[in-house]
Amino acid sequence: MSASAIFILDLKGKVLISRNYMGNMDMNKVDHFMPIMMRMEEDADSSPLVTHGSAHFLWIKHRNLYLVAMTKKNANAALVYSFLYKMVEVFKEYFKELEEESIRDNFVTVYELMDEVMDFGFPQTTDSKILQEYITQQGHKLDVGAPRPPATVTNAVSWRSEGIKYRKNEVFMDVIESVNLLVSATGSVLRSEIVGSIKLKVVLSGMPELRLGLNDKVLFEITGREKSKTVELEDVKFHQCVRLSRFENDRTISFIPPDGESELMSYRLNTTVSRTHTHTRVHTSPLLHVNLLSSVCQVKPLIWIESVIEKFSHSRVEIKVKARSQFKSRSTANNVAIMVPVPSDVDSPKFKTSTGSCKYLPEKSAVQWNIKSFPGGKEYMMRAHFGLPSVESTELEGRRPITVNFEIPYFTVSGIQVRYLKIIEKSGYEALPWVRYITQSGDYQLRTN
Amino acid sequence: MTDSKYFTTTKKGEIFELKAELNSDKKEKKKEAVKKVIASMTVGKDVSALFPDVVNCMQTDNLELKKLVYLYLMNYAKSQPDMAIMAVNTFVKDCEDPNPLIRALAVRTMGCIRVDKITEYLCEPLRKCLKDEDPYVRKTAAVCVAKLHDINAQLVEDQGFLDTLKDLISDSNPMVVANAVAALSEIAESHPNSNLLDLNPQSINKLLTALNECTEWGQIFILDCLANYTPRDDRESQSICERVTPRLSHANSAVVLSAVKVLMKFMEMLPKDLDYYGTLLKKLAPPLVTLLSAEPELQYVALRNINLIVQKRPEILKHEMKVFFVKYNDPIYVKLEKLDIMIRLASQANIAQVLAELKEYATEVDVDFVRKAVRAIGRCAIKVEQSAERCVSTLLDLIQTKVNYVVQEAIVVIKDIFRKYPNKYESVIATLCENLDSLDEPEARAAMIWIVGEYAERIDNADELLESFLEGFHDESTQVQLQLLTAIVKLFLKKPTETQELVQQVLSLATQDSDNPDLRDRGYIYWRLLSTDPVAAKEVVLAEKPLISEETDLIEPTLLEELICHIGTLASVYHKPPSAFVEGSRGVMHKRLPARTGSCNILIMSKLNSSLLSPQLGGDIGGSPAMGAGFGAAPTVMPASLNAPVGGGLGDLFDLGGGVGMPMGAYIPPKTVWLPAMKAKGLEISGTFARRAGVIQMELVLTNKAMSVMTDFAIQFNRNSFGLAPAGPLQVLTPLGPNQTIEVSLPLSTVGPVMKMDPLNNLQVAVKNNIDVFYFSCQYPISMLFVEDGKMERQVFLATWKDIPNDNESQFQIQDCHLNSEAASNKLQGSNIFTIAKRTVEGQDMLYMSIKLSNGIWVLAELKVQAGNPNYTISLKCRAPEVSQCVFQCYEAVLKN
């Protein structure tokens, strides 16, 4: 079905720890993995799936480790990769960070976890909060209360245990939108999309039933409230806890949340085609926030960059960059960092900016222009001057894009709003939901000439 | 305090010291010692010598220690099987521990110890655990059945664990259901025709209910299992699709892909004019696009699958071209896949954008990516005619960059563009010729030479250009040599006066100084053509070439269908069927998309037919068709010394064709009337069965003896012993008029529902037409089910023969048969009855034969043939002795016809 065995290797290919799940393959076959990887690297080739004879290796890399699944069957590859990433997540929640040291320091627990998260190649429980209820990091004696598998492990609600108690019941929601942008060298927007995520921090007692209301266009159409400002979500993905059939039927987002932090849902909107949207400003406040201002405008790229990079061979590089914020002046982008690529052999940098500061980062072959606070509707300039060596480097350099990082608090570019979050628990407590909105840069690339 | 301290001991007497510590009275010390042992094991030291000492620590009340000892056992039990028995008692005891965690741990670990002696003891505890009150134990036990089956399949069957496992599909706990499904699927994989999962509308309904409740992984098990089901009709198909679509919103990409697999497969059954069909198509696009925001490895799997989906149903993503635009920081494997999909989606509507992107990519630095981008421009030119001109000018721009590999790649694709659009872009030849010197890759050199030869009449200095290549003829690769030979012959035919010397030179280089047979052959053919009949030579060499197709690397339709059934798996990533890379899967049924029910689906049928033909063609005439023709009569100019051996070799080859080695083809019984017209309102059906190229076919003759026209034919089988079922609809495309007869061949599969019939080879058939439904039954020769890979290894044969109890042996007489043993053996082989060995004892030939049925049953036979005696004796041995009678009948039919 999936993996015969799973290995964690260091960068040199040495096995740090492994687990043979099916016993149907020679564990030494993993020794072929690293030589193949090195050969591929020499050929500037790379693939997440490598083969040696009848053995197939599916691998991911995390920090200084390779996590490798080995199989000889027609395994479900999507499941394997997804599982490997889940494993990383579990280890991280146990050991803070997953790296060579944390594996050595906790090898007994690692073995225990590997035994529990997969059986005969079938992934089992991978919810670290539930695992922590019965795989703890200190030894147990059977007679003095050895842990039992919590009922949660096998329950339909496999992500939340019963009997959780808090004095004060609250839910914190973060609505985070990332803007992915790809602009051609000629300045036309090739692709612009918003990937949103709603994150929860749940501090609730018992087994609460939650219902989340968004200004979802499809929902409003169903309920006949088309006049309100709505957002058309192109695709939505939910945490295991959300009842998908219910959403499919009437667009209701209902769920029993996991305790603590989790990502409830993510959504995606394509904004390449111009569309109208709402501009929302909300302060962190108990839920009854109001859509204070909604003005219709195009989704222009939030921060627009125009650049001229002139290279005079054997002598110098001159760079002119203009950055413009294309959102309302009442919002402000924070920690804006504009990375402009320069050839790897430049020297003697000189900068001039109308605001913020510049830094040459030789290790990244780039200039980083930092602007702490960038209000909407403003335009700033930066000029940079570099020397070039008289002997030209023979190495061809790719034309890397300009990338931009930023975040804009109290603002969602899509105009999505949390209309309500209903919390019902049989003990009848009152709970307060808190919502916070933020927009940030995702993969934000502008190609250069 | 961390565990890393356990790794630090490197003293000399380590093992000895550990032994002492393991046997210590102090519990804490013991535990520390076991940890040190496991640490050593982890870093790859052999600590198997400590086996008895570690096992002694097994009976402990410390859970952590117990887990460590179990871990040790899993690793070393195989190397110390005898001592491993020591652990059995504790295992059995732990399986009854009051703590479910311990019970599950014990049964889980025991299943991982692949030692026969241990397995025997596993059965009783496993039986109890499968019925345990705690779902955690039951879900672990369910998986354990699959483990045990992998070690000893017979044991699992004998102990009735499969039935218990099937019962667990109805368990009240979703996790138990999911694991039971996973275990059964795993077992079914090694028994493809066992019908283990027994999917029917009721069980499907249970699975769909569990789908809503189990973990993300469980959902994948269930979806993958659902994908193996073939719904009865389009209504069932739609209702399953409706219940699966919500999974497209799951956060786990693997759940999404498995759901896509089910939907892509079941969609096949929905009528295209159905509203729901359109809805479903629309629902598939957004989740596929979202997969591109996943981790790079998952993106890669998604892209490889999207590549298949785009070929199968281009309409799903035709508006999503832009999401496949390459980002600078995409890993190279993602970039290459995106590029491939971009070309597949390129159309007149989006070609401008695509070209702008490709041009951008062609100036990147990653060589592989750049090459592929240049090639892609060429493919766009060929695919979208309106863009050809723009593509050519883009390619010329790229040639101007003088980047070596860009130029070479561009020339290769321009050659294809010339072929697709003859007499249109030849004005660029001059520019191409300027770059002649920089070409150092064979493919580019060959392409350039082809261009020079093809357009020799328009290139003034074509002879000079070609001559310059001739200097280093022997250092060129074969590809270039062949191309050069052809180009110069073309040149000669176009400008005979000034190039005579050149052509002489190349012909002698190719025929006399080369030891490459392909090159020599081609040289001789040209030589002979030119010397005997220059007009014919012109007709052959300068013949009009067939157009090249638009899509060059489309996956062949049957393979594509199979791969769609494997979405999300390695097969879908490799674009290869599992049988190509999974050992021991050769006999496994290839997965197929379901056929539409109701009206005939011509599309699928024609695909099916083409797939039946192609392997034959590939094998039989895929070789070198030119060979025979070229050497039919040895050319006079050919050196005599070469003539003899080559001619002889070919003669030998031809001999093989009609010789003894070839099987004679399967026995096909004569057609008999199955349904007389009287019983079927004028419809008469006669028919027979045949096996052709590994496919079972029902060959029907339908005669309309009524007064009115008959239309709307369809056919269905009742459940039968070997799961025979129509693999497609009955193909009667035109109405059948009065007194008309039509012959139809219906391919059959063996994956239908199974029910034992009496006699075993009985088949109940229902045929429907516009008038009524008619029923009849017929009997098929069981030899139809004999599969092509039924030749057993000698050793296996011997062992199996001994292994099958004597009670299962049956003896028959075949009378009045006048074949010698060799002829008999050949004849039988035509019907996939394979002779494995022959022994002659006292003038009596004993032939040992094996047969494999489509459901995996083996039949072993011993045939005694005595010279001069027309009566044969045959003994059959089979684990399922009820088939023997039918097999005997086949022997008789095959040998006597």
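How many aromatic pairs does the structure hold over all chains? The structure holds 31 of them, with rings of Phe, Tyr and Trp (its six-membered ring) counted as a pair if their centres lie within 6.5 Å. The points below take up two of these pairs and then other features.

1. Basis of the note. This is a predicted model, in which local features need pLDDT of at least 70, side-chain atom pairs count only at pLDDT 80 or more, and totals for chains, interfaces and linings use all residues. Residues are numbered from 1 along each chain as its sequence is written, chains are lettered from A and ligands numbered from 1 in the order in which they are written, and side-chain values use heavy atoms, with hydrogens and water left out.

2. Chain A, overall. Chain A has 7 helices and 26 strands; helices (H or I, at least four residues) and strands (E, at least two) are DSSP runs, numbered from the N terminus. Its C-alpha atoms fill a box of roughly 75 × 60 × 35 Å along the principal axes. Of its 449 residues, 56% count as buried, where buried means under 20% relative accessible area, exposed over 50%, and partly exposed in between (1.4 Å probe, protein chains only). Among contacts (heavy atoms within 4.5 Å) in chain A between residues at least 6 apart in sequence, 69% join residues at least 24 apart.

3. Chain B, overall. Chain B has 38 helices and 13 strands, and its C-alpha atoms fill a box of roughly 100 × 85 × 70 Å along the principal axes. Buried residues are 57% of the 897 in this chain. For contacts in chain B with a separation of 6 or more, residues 24 or more positions apart account for 66%.

4. The accessible surface, from the Shrake-Rupley method with a 1.4 Å probe and, for residues, only the protein chains shown as cover, is about 19000 Å² for chain A, with 49% belonging to carbon and sulfur atoms. For chain B the surface is about 38100 Å², and 51% of that belongs to carbon and sulfur atoms. Lys and Arg count as positive and Asp and Glu as negative, while His and the chain ends are not counted; each charge is placed at NZ of Lys, CZ of Arg, CG of Asp or CD of Glu. Chain A has 57 positive and 52 negative charges, with mean positions 7 Å apart. Chain B has 94 positive and 110 negative side chains, and the centres of the two sets lie 5 Å apart.

5. Two aromatic pairs. Planes under 30 degrees apart count as stacked, over 60 as edge-to-face and the rest as tilted. Among the 31 pairs, A:F33 and A:W59 are edge-to-face, 6.4 Å centre to centre with 70° between the planes. This pair links distant parts of the chain, since A:F33 is in helix α1 (residues 33-42) and A:W59 is in strand β4 (residues 55-62) of chain A, 26 residues apart. Both A:F33 and A:W59 are buried. B:F797 and B:W801 are stacked, because their ring centres are 5.9 Å apart and their planes are at 20°. These two residues both lie in helix α36 (residues 794-803) of chain B, 4 residues apart, or about one turn of the helix, and both B:F797 and B:W801 are buried.

6. Cluster and charges over rings. A:F33 and A:W59 also belong to one aromatic cluster with A:F57 and A:Y66. A charge sits over a ring if NZ of Lys or CZ of Arg is within 6 Å of the ring centre and within 35 degrees of the ring normal. The charged end of B:K335 sits over the ring of B:F369, 5.4 Å from its centre, and that of B:K576 sits over the ring of B:Y574, 5.7 Å from its centre.

7. A contact between chains. B:S249 is in the loop between α15 (234-244) and α16 (253-267) of chain B. B:S249 is buried, at 10% relative accessible area. Apart from its neighbours within four places in sequence, B:S249 is in contact with A:V236, A:K237, A:F238 and A:L244.

8. Backbone points to check. Most residues other than glycine have a negative phi, and most peptide bonds are trans. The peptide bond from B:D758 to B:P759 is cis, with omega near -5°. A:K96, not a glycine, has a positive phi of about 70° and is exposed, with a relative accessible area of 76%. B:N832 has a phi near 65° and counts as buried at 8% relative accessibility.
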